[in-house]
Amino acid sequence: MIFTAEQIICVCEVLLQAGHMDRLASFLCTLPPPSSSPCLGELESVLKAKAAVAFHQGRFSDLYTQLEGFPFSPRSHAFLQQLWLRARYAEAERQRGRPLGAVGKYRVRRKFPLPHTIWDGEETSYCFKEKSRSLLREWYRRKPYPSTQEKRELAAATGLTSTQVSNWFKNRRQRDRTADATSFQTPHTGGAPGEVYLSSENEVSPESSPQPQRRRPTPPPLCHPPLPLHHMCQDC
């Protein structure tokens, strides 16, 4: 069966978003080699799909070659950066025979920095880009208890996961409570100072949580990413 470039892009994106790696690998095997179809080798969706399949199959050397050999567009950076880092972490854990902690992962990131083909050059702090941190801080000043749906929207706007967003707000509220308790010299009842809590993606704000005394302005609107291709492509 002969596929058009648009159909190939659509199939790759749909299978990738659905997480059907085995079906995606089978589909890629049906495509002609890049040497016989030069334009096929220039399709970013195909290269991104090949990188995802290489990661899924544990072929990390092939993954690194794919990621370093093509200048991917910024819309693909967050996804491909995760593949790069997770592969590097997995290799380090396999060599050491134990899971990596935060310090170990930091050392891996310093030893194997992101290639410029999947990185826009913006510095990160604890894996959060500064623009993502700025958006979270701005939202927190106006609404420190976002709903589950708002956490998902923040995740889409920042490129983080919902769990990362939830943890960021949880930790920030804890730091502020600790700072307030210290400044007013009152007993700290929310846990040990500096304690970090982990929260699930489905966490909701407790009804008994203290609410700010003053009215907070409405949080800034979030920019949503474009709809997945399978909503726009009907020929797949």
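Me: Happy to start inside the fold: which residues is Leu24 in contact with, leaving aside its neighbours within four places in sequence?
Reply: This is a predicted model, where local features need pLDDT of at least 70, side-chain atom pairs count only at pLDDT 80 or more, and totals for chains, interfaces and linings use all residues. Residues are numbered from 1 along each chain as its sequence is written, and side-chain values use heavy atoms, with hydrogens and water left out. Contact means heavy atoms within 4.5 Å. Once the neighbours within four places are set aside, the partners of Leu24 are Cys12, Leu15, Leu16, Ala49 and Val53.

Me: Are H1 and H2 roughly parallel or roughly antiparallel to each other?
Reply: Their axes lie 9 Å apart and the packing angle is about 160°. Axes are lines fitted to C-alpha atoms, for helices over the stretch in contact, and angles run from 0 to 180 degrees between N-to-C directions. Angles under 35 degrees count as roughly parallel, over 145 as roughly antiparallel, 65 to 115 as roughly perpendicular and the rest as oblique. H1 and H2 are therefore roughly antiparallel.

Me: Is Phe55 buried or exposed?
Reply: Phe55 sits in helix H4. Beyond its neighbours within four places in sequence, Phe55 is in contact with Phe60, Leu63, Leu83, Arg86 and Ala87. Because its relative accessibility is 18%, Phe55 counts as buried.

Me: How many helices and how many strands does the protein chain have?
Reply: Helices (H or I, at least four residues) and strands (E, at least two) are DSSP runs, numbered from the N terminus. Along the sequence, the pattern reads α-α-α-α-α-α-α-β-β-α-α-α. The secondary structure therefore tallies, under the DSSP definition, to 10 helices and two strands.

Key:
Buried < 20%, exposed > 50% of the residue type's maximum accessible area, 1.4 Å probe, protein only.
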